[in-house]
Amino acid sequence: MRVFINRLSAFLPNSAVANDEIEAVLGQVDHVPSRAKRIVLKNNGILKRYYAVDRQTQALTHTNAQLAAEAVRGLASGEGFNLSDIQCLCCGTTSPDLLFPGHALMVLGELGLPPVEAVTTAGICISGMTAFKYAAMNVATGMSTNAVSVGSELSASFMRSNFFRPPDNPELDVTRRPSLAFDTDFLRWMLSDGAGAALLCDTPNPSGRSLRVDWIDNRSYAGELETCMYGGGIKGEDGKVTGWRVVEAIETQDEKCLMAVKQDIRLLEVNIVATMQRALQASMDKHGLQPQDVDWFLPHYSSAYFRDKFYKGMAAIGFEVPYTRWFTNLAETGNTGSAAIYIILDALFSSDQLQPGQRLLCFIPESGRFSHCFMQLTVV
């Protein structure tokens, strides 16, 4: 059975925050201006982003579940669909509000919907797509005639100055190579808040455009590679991660940053493009995918720093897609993790740029333990 995206929605909290306003909103760590901010912002290409944070008090204005619920409500704008019509709700996020119950159940509670199937997927950026794939499979198998998938992030919750802790090596010279900026407070200038949702149905819109889901490939290389991006643990010199459950095994000086988000930059540099090439080649072989078949390439990359690297990596395996066919809104919306591909799709879907028959190739990488998703959609 075919599956179609009939509606998309994005929710970005509060007003946009420009680069020179970030520390005013999140606060300065130890009351000291960041030494890495200028380098990171120069390389990531982000001009503004959104935080669920009160500018005056630094208090959170939304929970993660509330962000997701707002995106779902956006699907019901206009006629022809009510929230009570939802048959299956699938939600993915990096950092839910609670360890349990599951994130989707908390979103369902915010929406106040009648009883429906509710599924939570865990991960980082890929979690939004595993939620999407579950929703798509539910419709494809006839288990339901519609399903809603959501990706949402509340990254500001652990980026505010009263939560964030600086690295052990604050004197690191980040000017020698752009990627060294990652080793300090890189993620603090990268991650931001938002949510996106998609309504998937077994028939296309009776009027107006829809996006047919042709295929979705998720591939993880976690069986081969060690952890790169993580939170709630400490990584040792041997590459093994000690989680929060065994806090007694963590050295005292490391306890202060136990819950901070961390990234192993050396692993990222070596593996993010190489694993993308492997995942893309697998999809090329499986589906007969050719670059000339792609009318729009929608990549979720965390930083403009990786834009050329992904382009060259794709070209190196015979899959060169000109930049004129790329679509991203990273500069205007920031890096919203699992929500990003929904927010990108919503912007393109709402524009007048799509034509029937065009094919969209979506790309969602995740550095957690190196996983990648490719998805092909066709405009109908």
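Modeller: Contact here means heavy atoms within 4.5 Å of one another, and that cut-off is applied to a predicted model. Under this rule, the elements that cover the buried residues of helix H3 include strand S1 (4-11), strand S4 (88-93), helix H4 (103-111), strand S6 (146-153) and strand S7 (194-201).

Biologist: Which residues of H3 are the buried ones?

Modeller: They are Asn64, Ala65, Leu67, Ala68, Ala69, Ala71 and Val72, where buried stands for a relative accessible area under 20%.

Biologist: What makes Glu70 and Arg73 a salt bridge?

Modeller: The criterion asks for a side-chain nitrogen of Lys or Arg within 4 Å of a carboxyl oxygen of Asp or Glu, and the side chains of Glu70 and Arg73 meet with an N to O distance of 3.1 Å, so the pair qualifies. Both residues belong to helix H3 (residues 64-74), where they are three residues apart, about one turn of the helix.

Biologist: How many salt bridges does the structure hold, and what links Lys286 with Asp217?

Modeller: The structure holds ten salt bridges, and one joins the side chains of Lys286 and Asp217 at 3.4 Å, N to O. Because Lys286 lies in helix H7 while Asp217 lies in strand S8 (residues 211-220), this pair ties together parts that are 69 residues apart in sequence.

Biologist: Is Lys286 buried or exposed, and is Asp217 buried or exposed?

Modeller: Lys286, with a relative accessible area of 54%, passes the limit of over 50% and is therefore exposed, whereas Asp217, at 5%, falls under 20% and therefore counts as buried.

Biologist: What makes a set of residues the largest nonpolar core here?

Modeller: A nonpolar core is built from buried residues of the nonpolar kinds, Cys and Tyr included, that are joined through side-chain atoms within 4.5 Å, and the largest such set has 87 residues, with Phe132, Leu211, Leu298, Leu345 and Leu360 making the most contacts inside it. Helix H7 (residues 265-287) gives the most to this core, namely eight residues. Apart from it lies another core, of 26 residues, with Ala52, Leu67, Ala69 and Val72 among them.

Biologist: Which residues does Leu211 touch?

Modeller: Once residues up to four places away in sequence are set aside, Leu211 touches Val3, Phe4, Ile5, Leu8, Leu345, Phe349, Leu354, Leu360, Leu377, Thr378 and Val379.

Biologist: Why is Ile341 called buried, and which residues does Ile341 touch?

Modeller: Ile341, which is placed in helix H10 (residues 340-349), has 3% relative accessibility, and since that is under 20% the residue counts as buried. Not counting residues up to four places away in sequence, Ile341 touches Met129, Leu298, Cys362 and Ile364.

Biologist: Where is Val380 found, and why is Val380 called partly exposed?

Modeller: Val380 is found in the segment after strand S15 (371-379), and its relative accessibility of 36% lies between 20% and 50%, so partly exposed is the fitting class. Beyond its neighbours within four places in sequence, Val380 is in contact with Phe4, Pro204, Gly208, Arg209, Ser210 and Arg212. The C-alpha atoms of Val380 and Pro204 are separated by 7.7 Å, although the two residues are 176 residues apart along the chain.

Biologist: What makes the chain agree with a compact globule?

Modeller: For 380 residues a compact globule would have a radius of gyration near 21 Å, and the chain has 20 Å, so the two values agree. Buried residues make up 56% of the chain's 380 residues, and of the contacts with a separation of 6 or more, 81% are between residues 24 or more positions apart.

Methods:
Residues are numbered from 1 along each chain as its sequence is written. This is a predicted model: local features need pLDDT of at least 70, side-chain atom pairs count only at pLDDT 80 or more; totals for chains, interfaces and linings use all residues. Side-chain values use heavy atoms; hydrogens and water are left out. Buried means under 20% relative accessible area, exposed over 50%, partly exposed in between (1.4 Å probe, protein chains only). Helices (H or I, at least four residues) and strands (E, at least two) are DSSP runs, numbered from the N terminus. The radius of gyration is taken over C-alpha atoms; the globule rule is 2.2 Å times the number of residues to the power 0.38.
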